[in-house]
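Please open the structure in your viewer and keep the selection panel at hand.

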Amino acid sequence: MQLNPDPRTHPEQRSLFGEILDWMLTPLLLLWPMSVLLTWLVAQGIANPPFDRELGHMAQALAKQVSVKRGPQGQSSAAFTLPAGASDLLRTDETDDIYYQVLGLRGEFLSGDRELPVPPTDEESAPAGEVRFRDDSLNNAPIRVAYLWVRPAGTGIAGPAALVQVAETLGKRSRLATEIIKGVILPQFVILPLAVLLVWMALARGIAPLNQLQQRIRSRESSDLSPIDEREAPEEVAPLVRAINDLLERLDRSIGAQKHFLADAAHQLKTPLAGLRTQAELAQREIDAGQRDPQELKKSLRQIARSSQSAAHMVNQLLALAHAEGKEQTIGLQEVRLARLATETVRDFVPRAFDKHLDLGYEGPEPATSTVRVSGHAVLLREMIRNLVDNALQYTPAGGTVTVRIVEDPFGQVVVLQVEDNGPGIAAAEREQVFQPFYRALGTNVDGSGLGLAIVREIANQHGAEITLEDAWPRPTGAGVTADGAPQARVGARFTIRFRALPAAA
């Protein structure tokens, strides 16, 4: 039964179109309320000045009706006389209520509306005749008040003054501000959806090249790994197209290498398999012909065994190469004592070296006392050493010497593995090619698959090691090479692999 995937481990796929649309519309929708607020403030600023001027003119007109007279003892007192019909004129506004108030020099009430609040006491020192404005309230209703102080001549700025105030409610002002807001905001209710639609259409048109690029990629054949034309993609997507082209190029090389590898492997397996079939048919014909010679049958069986052994060896090396190529560097890494692997490998090949009359030996620190270690995969490293030793034993003639050597760095930075022989060596022109799969050095009659050194280099690369190939001894002057490219003198070959050593305290 298939379980539903955990949504926390599989985040929802995001839409580029939706994300860009969100980032474009969200600021627009956030700025719209701010626009309404700013419009209201501007409307208030536009509506107040003309009504304030009218209110101020009324206050100045009433102030002209204030007179100052002196009593018998020389004291001053204020008097106010409202002209006939002026009271009715103040009440003619159909929208707002208008109030006025006149207070004498000592704050006594002279005329008007007693409930009208007075300004703060700290404003009594204001210059006479200067009209001022304030917002206040009367009977829990907001009002706008214009007021000024009237001082008798000669009393100075600190002398007593009469107060004249004219106030009105805010009906006309609110109506004018509302009309201004309506004139500005109502069109926005039409413009805003239209702007959203235009943004959506522009964004859809902007990402259309991405959809076209997607369709071109989907319409390709699975075998078409040719690069995508960057000129047909938008400039912003060109880096992504270049990355895809780079991936296609690497994939094309990898598939080509696999096809070449499979073709070579099939070709190389034909020889031992054909030998098996030939020898089996030959033995069958001899039996059908009535021949019972045991020696001939043994000869055919030995050929069959040799061909099957060659085929098995090649299959094993193919599996080893595939295993090395597929092994991740960060999986299975552990502490490996290279000296121990080298001595165990030499011990395994001693019987074969004895059969070929070769001197196979090990030089380096004792495995039990060596403290030098590397980080790697023990199975792969053992396979690498086996292939190096196997290669040296194959190409070294009888009576030769093969040496496996471990060299410790006194500074503990690197560990050096060397496999050296005194065979014919490898010409400088072929030293890079011998690491290619199925390649065998020219001028040799040794049966082999040509995979051993390819496995060695792949494992070295997996471990971040450096591999070099050089002559074991200097070539004799004038020795040259034979017509088929083989060296005339035995200069040997030395494979050197340098690993990064683990710290002693690891």
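**A tour of two sheets**

Select strand 3 (residues 98-103) together with strand 4: the two run antiparallel and are joined by three bridges. Please bear in mind that this is a predicted model. Within this pair, select Gln-101, which stands opposite Gly-112 in strand 4.

In general, the strands of a sheet pair through backbone hydrogen bonds, in either a parallel or an antiparallel manner.

Now move to another open sheet, whose five strands follow the order 9-11-12-14-13 and whose pairing is mixed. Strand 9 (359-363) and strand 13 (466-471) are its edges; each has a single partner strand, so one side of each has no neighbour in the sheet. On average, neighbouring strands of this sheet are turned by 15 degrees against each other, direction ignored.

Select strand 13 with strand 14 (residues 493-500): these run antiparallel and are joined by six bridges. Here Glu-470 stands opposite Arg-494 in strand 14.

For the last stop, select helix 7 (residues 338-355). Across which strands does helix 7 lie? Helix 7 lies across strand 9, strand 11 (401-408), strand 12 (414-421) and strand 14. Relative to strand 9, helix 7 runs at about 170 degrees.

Notes
Residues are numbered from 1 along each chain as its sequence is written. This is a predicted model: local features need pLDDT of at least 70, side-chain atom pairs count only at pLDDT 80 or more; totals for chains, interfaces and linings use all residues. Side-chain values use heavy atoms; hydrogens and water are left out. Two strands pair if DSSP finds at least two bridges between them. Helices (H or I, at least four residues) and strands (E, at least two) are DSSP runs, numbered from the N terminus. Axes are lines fitted to C-alpha atoms, for helices over the stretch in contact, and angles run from 0 to 180 degrees between N-to-C directions. Contact means heavy atoms within 4.5 Å.
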